[in-house]
Amino acid sequence: MTKQTIVVPDLGGAETVEVIELGLQPGDQVEVEDSLLVLESDKATMDVPSPASGIFTQYLVAEGATVKVGDAIAEIEVSVSVTGEQGSSADESETIEQFAVDPDSESEPRLEPKTENHNDNASPAVESSASDALKELTIQVPDIGSDDKVDVIEVCVAVGDEVNEGDTLLVLESDKATMDVPSSHTGKVVKILVAEGDKLGTGDNVAVFEVISDAPSSAASTAPAAAADTEIKPAASAPAPAADAVAASSSPVRAPQPAPGQPAQPPAVKSTSPVASGSEIYAGPAVRLIARELGVDLSQVPGSGPRGRILKDDVSNFVKQVMQNKAAPAASAGSGIPPVPAVDFSQFGEIEEIALSKIQKLTAANMQRNWLNVPHVTQFDDADITELEEFRKSLKAEGEKRGVKVTPVAFLIKAVAAALQANPEFNRSLSSDGQNFIQKHYCHIGMAVDTPRGLVVPVIKNVDKKGIWDISAEISVLAAKARDGKLTPAEMQGGCFTLSSLGAIGGNGFTPIVNSPEVGILGVSKSQIKPLWNGTEFTPRLMLPLALSYDHRAINGGDAGRFMTYLVQLLSDIRYLAL
Ligand code: CAO
């Protein structure tokens, strides 16, 4: 056995990267190409594959560490080296510096980050040649809507693959968007001219195909599939391809995200291909490969990694859940519910198709998943907030001095935190196998925010440790970021309970849907002056309608009654909040 130290390879231009995933345990068997760890720069995510078969011994870095080219990151005991030789002795140590990619090699590149670009229009490999039956064509990157080069984050085909028109060849990622590049032709891949980590621009060569049919059909005019809330713009400036060199997709391409607050433009060209949703997915190549092998649709898999990244474990857990039939991963899968029939509405009058934003798609999937999985009960009550409102209004002058507006939502969030502490059943989640409760000893409250792009839920962390001024300031910052589309994934994670306030909009009451795996959500409607009997007479009181929906698997009616009664008491006399 030979001890080999793995170092950070060429990062393709990035000076430093973060270690975001350490998936192995000492003693794990690794094969050549198995991912040892995952690095991430601000632009791309890269797996560092094992150069040899052997036993993983240890990591030399921690998750979250920042590393640069040449830093030692892991150690393996090699039983079979890259060239197939046996390791010579147990204590013999060798440092694996870099794993260069041979552009002419037909084997998979071992190192994903790489600066060298193999696009060379003069290369014999990309020269076209025609024969009577079969023709070689060079596939190129279509107009990507920018002059900048973008990263290749995944090469989805290998030499020898039979590729159908519309199949994804590459996944490209810019700072703002990820796009799948579908094939414009059906054919056999005879050469791949790019590697993961390359930077490509419009018109760069991607692969050489032996074309079975070189006439692109409808799918060939399909744009690379970018993030759902990107816009589509006409490719007026698409480069004229050389003879026998064709853009992988020669049609309009989805450009980077629309300006904050601007709704996405309706598509200029209707997509007809089976566009993969990979562009909306935050996952590395190794995870994508496993998902492809298992037939898992990654858009259905919640990511538990940093910034919502999908990890290998997330894919395994998802498969496990589906196999146990404890999850409803898609609209009609597993639920046994007949689908709503498709209707041609144009037969009844003029219509227009408006694409859902990315947020709207995610919300739809989450709502359906939660509605189907969670047995909901909703309990109603009204809180007398007459004194609370008087107190809140008395803070106006002080708030102006501090530059903070105190709205009822700040008191509601603070009161919910106190009610969670008094009723810890509401600060739990059910484990995914349904065997355990996960009791949380932190108190993070999500706040539903209505935005032009859809519903988002930023999370106010450690509410129990914050006062009304701090909570109020955080509400306005997070609500503004939500409306501008500037929330980070971290700002939307970790919630224990959600507050959905429609008080400023109106209504007497509504039944909110639990934001599972949380077990409770409070819906707040518009306060109104109502006559209240005080024992001797009716008095006008400001009453706030509350609706508490809960997951009846985790919460019983008694728990909910106590939670609601306590909450109403706190809001009716906020002196209790100080206790
Ligand atoms: N009853 C009466 N008035 C209320 C109220 C209530 N329950 N809640 C807030 N108001 C008042 C506020 O006092 C404020 O009035 P003043 O300016 O006169 O003081 C006004 O309504 C506007 O409040 P706001 O909306 O600016 O601030 P907020 O803190 O009340 O709410 C936020 C912040 C982010 C929760 C809210 O803007 C929002 O987006 N709500 C929608 C949530 C949603 O869509 N839920 C549904 C999810 S399920 O589809």
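In which helix do Glu 398 and Arg 402 both lie, and how many residues apart are they? Both lie in helix H5 (residues 396-402), four residues apart, which is about one turn of the helix. Keep that pair in mind; we'll come back to it.

First, some ground rules. This is a predicted model, where local features need pLDDT of at least 70 and side-chain atom pairs count only at pLDDT 80 or more, while totals for chains, interfaces and linings use all residues. Residues are numbered from 1 along each chain as its sequence is written, and side-chain values use heavy atoms, with hydrogens and water left out.

**The overall picture**

The protein chain has eight helices and 31 strands. These are DSSP runs numbered from the N terminus: helices are H or I with at least four residues, strands are E with at least two. Of the 579 residues, 44% are buried. Buried means under 20% relative accessible area, exposed means over 50%, and partly exposed is in between (1.4 Å probe, protein chains only). Take the contacts (heavy atoms within 4.5 Å) with a separation of 6 or more: 68% of them join residues 24 or more positions apart.

**The nonpolar cores**

In soluble globular proteins, nonpolar side chains tend to be buried together. A nonpolar core here is a set of buried Ala, Val, Leu, Ile, Met, Phe, Trp, Tyr and Cys residues joined through side-chain atoms within 4.5 Å. The largest one has 54 residues, and Ile 413 and Leu 546 have the most contacts inside it. Several elements supply at least two residues each, including helix H7 (468-483), strand S31 (538-551) and helix H8 (557-572). Helix H6 gives the largest share, 11 residues. Leaving out residues up to four places away in sequence, Ile 413 touches Ile 445, Met 447, Ile 460, Val 463, Ile 471, Ile 475 and Leu 499. Apart from this core lies another, of 22 residues, with Val 141, Val 157, Met 179 and Val 211 among them.

H6 and H7 pack at an angle of about 120 degrees, with their axes 9 Å apart. (Axes are lines fitted to C-alpha atoms, for helices over the stretch in contact, and angles run from 0 to 180 degrees between N-to-C directions.) From H6 the contact uses Val 409, Ala 410, Phe 411, Ile 413 and Lys 414; from H7 it uses Ile 468, Ile 471, Ser 472 and Ile 475.

**Salt bridges**

A salt bridge is a side-chain nitrogen of Lys or Arg within 4 Å of a carboxyl oxygen of Asp or Glu, and the count comes to 14. Here are three of them:

| Pair | Closest N to O |
|---|---|
| Arg 541 and Asp 384 | 2.6 Å |
| Arg 575 and Asp 573 | 2.7 Å |

Arg 541 lies in strand S31 and Asp 384 in strand S21 (residues 376-384), so their bridge ties together parts that are 157 residues apart in sequence. Are these two buried or exposed? Arg 541 counts as buried at 19% relative accessibility, and Asp 384 is buried too, at 11%. Asp 384, Glu 387 and Arg 541 are also linked in a network of salt bridges.

Now back to our opening pair in H5. Glu 398 is partly exposed at 31% relative accessibility, and Arg 402 is partly exposed at 46%. Arg 575, at 64%, counts as exposed.
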